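Subject: Structure handover

Hello,

Here is the structure I promised you. Please open it alongside this email and follow the residue numbers as you read.

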Amino acid sequence: MNHNNSNNLIHQRDRRVLSLPAVHPCEGISPNTLISSLVTLSQNICNYQHSFFATQRRNAREAIRQVSIILFFLLEIQERSLPIPQSTVLSLSELHFTFQKIHFLLQDCVLQGARLLLLAKSNHVASLFQSLVRAVATSLDVLPLHEIEVSGEVRELVELLAKQARKAKMEHEPKDEHMSKSVHSILKQLEKGIEVDKNALKEIIEYLEIKTWNECNREINLLEEEVALECSNCNEREHERDAPLLSSLLGLMSYCRVVIFETLEISNNREKSETRMSTEMITSVNPEDFRCPISLEMMTDPVTVTTGQTYDRASIKKWLKAGNTICPKTGENLSNTELVPNTTLKRLIQQFCNDNGISLSKSTNRNRDLANTILPGSAANAHAMQFVSWFLTRMLAFGTDKQKSKAAYEIRLLARSNLFNRACLIQLGTIPPLLDLLLCTDEKSTQENAISALMKLSKHATGPQHIMDSNGLKPILTVLKKGLSLEARQVAAATVFYLSSVREYRKVVGENPEVVPSLVELVNEGTTCGKRNAVVAIYGLVLVPRNQKRAIEAGVVHALVGVLGSSEKDELVTECLAVLAVLAENVEGANAILRASALSLITAMLQTASLRVGKEHCASILLSLCVNIGAEVVAVLAKDPSVMPLLYSLLTEGTSHAAKKARFLIKVLQDFSETRASGFKGSSVPQEPSLPVW
């Protein structure tokens with residue numbers, strides 16, 4: 001890999017910093033192929049001689065110098081097509097193996113974003129250089145130079161290099177050592193809860209030549225990636241030892257970004273990425289909802305029983321197998337033992353795992369406790385976040401307009417990172433001044449930062465309560481209705497969703513006469529992501545029966561049907577169908593769907609919907625229309641020759657819940673066909689048993 005691409009490694013690399021994987025060439029490799037590969041590898045290493053090394057300058061230069069001498073030797077063999085005895089292949093293979101490791105180590109030493117980490121581990125890095133140079137010496141010692149017909153000058157260079165490599169000491173450079181001790185001293189202060197001297201931080205930042213907010217942010221991004229890799233490699237003991245240090249460095253660099261770099265600089269690509277992130281579909285709720293009530297661990301295959309409660313499949317099956325016939329959580333008798341897959345919750349859990357660097361497969365094997373994802377990782381990181389949160393709260397309250405905007409953006413980033421950050425930011429009082437900022441600014445970017453920060457804080461278990469206790473619904477609704485940008489309005493819709501994900505707030509939010517109409521307006525006007533935010537917010541609200549009437553009166557059915565007829569986004573279509581399935585369960589909602597001329601569209605989507613859950617929602621809607629409206633709908637479905645085959649396919653391919661809906665609808669249509677001669681009455685449609693809608 002060319003060193004010029006090192007600045008992209010933060011997004012592309014598939015290994016941890018300072019892990020140096022290497023592979024021995026296969027035993028049957030031809031000498032010429034091995035020499036060619038060694039030449040290429042050596043040239044790649046020598047390309048680093050003009051790179052900037054923030055630390056380990058002397059050791060890196062020495063390693064590159066030694067490889068450059070060996071390159072002369074290799075090039076002479078290659079250019080003169082000298083015969084290579086088989087006896088040299090083993091030593092050349094060992095040399096190739098060592099060069100791979102040197103290449104990876106140099107990549108890390110120039111990697112943008114890894115400067116603080118390399119400084120903190122400078123002793124370890126120096127020892128890596130030492131061991132690799134000695135490995136080069138060992139390979140040269142066993143290399144039978146007398147069997148290779150290179151020139152005397154080149155042979156002398158290689159022999160001299162072997163002697164030098166045996167004696168070489170890759171020392172810890174004095175400046176690196178001093179600054180590394182300073183880093184660890186600061187981390188110890190943070191561990192004790194002592195606020196760090198700003199000048200000491202500046203000295204470290206200047207030594208590493210981290211000059212801008214962007215460069216500091218790059219360090220944070222890499223450390224976050226390292227922490228995520230740490231979680232994915234949690235079985236490896238050597239990695240476990242790095243976890244506290246990585247977390248501490250992450251807290252320290254976050255502190256530096258907030259406190260030292262007063263000017264906010266965001267690259268265009270980063271800004272676009274952040275915008276996409278903030279407007280995307282909401283796919284996270286209170287992580288406590290992901291625990292199985294039986295095992296108290298994260299659910300990997302959530303299923304719902306007849307009481308409407310959800311459990312992990314393995315746990316509830318074990319409960320039932322033991323002869324229990326009641327719901328573990330409610331104590332109600334289970335009318336049957338059918339387990340309905342909760343596909344929506346499963347998607348939320350999968351997204352949560354992705355967002356927090358948790359491997360779902362490892363969670364399955366090791367029953368990973370969710371508490372591990374909400375801890376700070378180290379005392380230093382915990383105290384650093386507390387200092388940062390307090391600093392940002394004061395900046396929001398007393399700073400200039402520019403400082404307030406930066407503070408909101410910093411909260412937006414920090415709250416995105418992990419649950420512990422959200423908890424700190426909430427506890428140290430950032431929510432009230434963020435709510436004030438929504439209404440007192442006339443800057444579009446400031447309002448976007450403030451509402452995005454609030455949206456991320458609302459994901460925390462205590463976030464909705466703090467927002468509601470601070471009378472936050474009104475300013476959020478103001479942004480939803482007439483925000484300074486469409487982006488801000490769409491994020492406000494996401495925030496409404498998180499507020500309404502708390503059962504006791506659904507009624508309060510839904511009773512506000514402006515909430516649902518504003519969401520419906522966004523369904524009509526928003527981008528795809530904005531429409532999805534609005535639709536899922538509406539879904540959370542219509543779970544309260546009183547809110548269904550408000551939604552219908554606000555024109556939600558026409559808006560959703562419009563999306564179904566125009567959107568090609570599978571997820572958005574599925575969410576719209578989910579809302580219509582809830583509304584169709586009452587007579588007023590069913591009639592609204594029929595008035596919107598949606599019957600033929602829903603019937604067609606039973607066949608064309610890309611996602612299986614979408615087909616299941618279609619079957620649910622059609623069944624509810626038959627039950628609540630009667631012959632008018634049944635007659636239309638009975639005449640459509642495509643309907644019955646589609647329902648039969650759901651019996652075999654759908655979930656048990658979908659199969660139940662399809663089976664009941666098939667019976668309705670068959671009864672209609674059998675009694676057509678004698679006349680069909682709407683009241684003769686059998687009433688479907690109450691079933692949960694997912």
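Below are my notes on what was found, grouped by topic. Keep in mind that this is a predicted model.

**The cores**

Start with the largest nonpolar core, which has 205 residues. Phe73, Phe99 and Leu519 touch the most other members. The top contributor is helix α3, residues 57-79, with 11 residues in this core. There is also a second, separate core of 15 residues. Phe290, Cys327, Leu348 and Ile349 are among its members. As background, nonpolar side chains in soluble globular proteins tend to be buried together.

Now look around Leu519. Leaving out residues up to four places away in sequence, Leu519 touches Leu480, Ala493, Val496, Ala534, Ala537, Ile538 and Leu541.

**Helix α25**

Helix α25 covers residues 503-511. Which of its residues are buried? They are Tyr505, Arg506, Val509 and Gly510. Viewed down the axis of α25, these buried residues fall within an arc of 130 degrees, so they line one face of the helix.

What do the buried residues of α25 pack against? The partners are α22 (463-469), α23 (473-482), α24 (486-500), α26 (515-525), α27 (528-542) and α28 (545-553).

**Helix α14**

Helix α14 runs over residues 313-321, and Ser315, Ile316 and Leu320 are buried in it. Those three cover an arc of only 130 degrees around the axis, which puts them on the same side of α14. Ala314, Lys318 and Lys321 sit on the other side and are exposed. Strands β1 (302-304) and β2 (310-312) are included in what covers the buried residues of α14. Just after the helix comes Gly323, with a positive phi of about 95 degrees.

**Where α9 meets α12**

Helix α9 (residues 198-207) packs with helix α12 (residues 243-259). The angle is about 105 degrees, and the axes are 11 Å apart. Angles of 65 to 115 degrees count as roughly perpendicular, so α9 is roughly perpendicular to α12. On the α9 side, the contact is made by Lys198, Leu201 and Ile205. On the α12 side, Leu252, Met253, Tyr255, Cys256 and Val259 take part. By class, the contact has 7 nonpolar residues, no polar ones and 1 charged.

Helix α12 also holds Ser247. Is Ser247 buried or exposed? Ser247 is buried, with a relative accessible area of 8%. Apart from residues up to four places away in sequence, Ser247 touches Val227, Pro376, Gly377, Ser378 and Asn381.

Most residues other than glycine have a negative phi. Here are two residues with a positive one.

Leu18 has a phi near 70 degrees. Leu18 lies in the loop between α1 (9-12) and α2 (31-46). The relative accessibility of Leu18 is 11%, so Leu18 counts as buried.

Asn471 has a positive phi of about 55 degrees. Asn471 lies in the loop between α22 and α23. At 62% relative accessibility, Asn471 counts as exposed. In short, Leu18 is buried, whereas Asn471 is exposed.

Best wishes

Terms used:
Residues numbered from 1 in each chain as written. Predicted model: local features only at pLDDT ≥ 70, side-chain atom pairs only at ≥ 80, totals over all residues. Heavy atoms only, no water. Buried < 20%, exposed > 50% of the residue type's maximum accessible area, 1.4 Å probe, protein only. Helix = DSSP H or I, 4+ residues; strand = E, 2+ residues; numbered from the N terminus. Arc of directions from axis to C-beta. Contact = heavy atoms within 4.5 Å. Core = buried A, V, L, I, M, F, W, Y, C linked by side-chain atoms within 4.5 Å. Axes fitted to C-alpha atoms, helices over the stretch in contact; angles between N-to-C directions. Parallel < 35°, antiparallel > 145°, perpendicular 65-115°, else oblique. Nonpolar A, V, L, I, M, F, W, Y, C, P; charged D, E, K, R; others polar.
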